[in-house]
Amino acid sequence: MTATRQTQQRAAIFNALDDAEGFQSAQELHDEMNRRGTKVGLATVYRTLQTLADAGDLDVVLNESGETIYRRCESAEHHHHLVCRGCGTSVELPSQEIEKWASTIARRYEFTEITHVAELFGSCRACSTAS
């Protein structure tokens, strides 16, 4: 594969993420790209998503079933997400309260060098009223 083709594929994946509503799995992005007539291998989608995530260009969370899902970052600041289980809509949450809670717990149990991943899942208003 040439560097140009890889760049075109990366751009196509970015475009699919831009058009997506909420978080998407690699398989969902791959399927959508194929529906649009953009032929990209699933392994290429996975590799590109990982490269973009490593560069900080994507938000990455594990959904409730443990699958990795992705979306374009809206904020360069450290943040967390509230994600709808039904439709995948997500809201970026400021991290101050979660950071404070994590620090309090760490001090209480005498832990240092704390890292964490905190994602909240629920049902958005539209999905709640639809059921």
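Are Glu92 and Arg71 buried or exposed? Both Glu92 and Arg71 are buried, where buried means under 20% relative accessible area, exposed over 50%, and partly exposed in between (1.4 Å probe, protein chains only). This is a predicted model, in which local features need pLDDT of at least 70 and side-chain atom pairs count only at pLDDT 80 or more, while totals for chains, interfaces and linings use all residues. Residues are numbered from 1 along each chain as its sequence is written, and side-chain values use heavy atoms, with hydrogens and water left out.

**Salt bridges overall**
- The structure holds six salt bridges, a salt bridge being a side-chain nitrogen of Lys or Arg within 4 Å of a carboxyl oxygen of Asp or Glu.

**Pairs that involve Arg71**
- Asp59 forms a salt bridge with Arg71, with 3.2 Å between the closest N and O atoms.
- This pair links distant parts of the chain, 12 residues apart, since Asp59 belongs to strand E2 (residues 58-62) and Arg71 to strand E3 (residues 68-72); strands (E, at least two residues) and helices (H or I, at least four) are DSSP runs, numbered from the N terminus.
- Asp59 is buried, as is Arg71.
- Arg71 also meets Glu92 in a salt bridge between their side chains (2.6 Å, N to O).
- Because Glu92 lies in strand E5 (residues 90-94) and Arg71 in strand E3, the pair ties together parts that are 21 residues apart in sequence.

**The network around Arg36**
- Asp19, Glu32, Arg35 and Arg36 are linked in a network of salt bridges.
- Within this group, the side chains of Arg36 and Glu32 meet in a salt bridge (3.2 Å, N to O).
- Arg36 is partly exposed, with a relative accessible area of 40%, and Glu32 also counts as partly exposed, at 26% relative accessibility.
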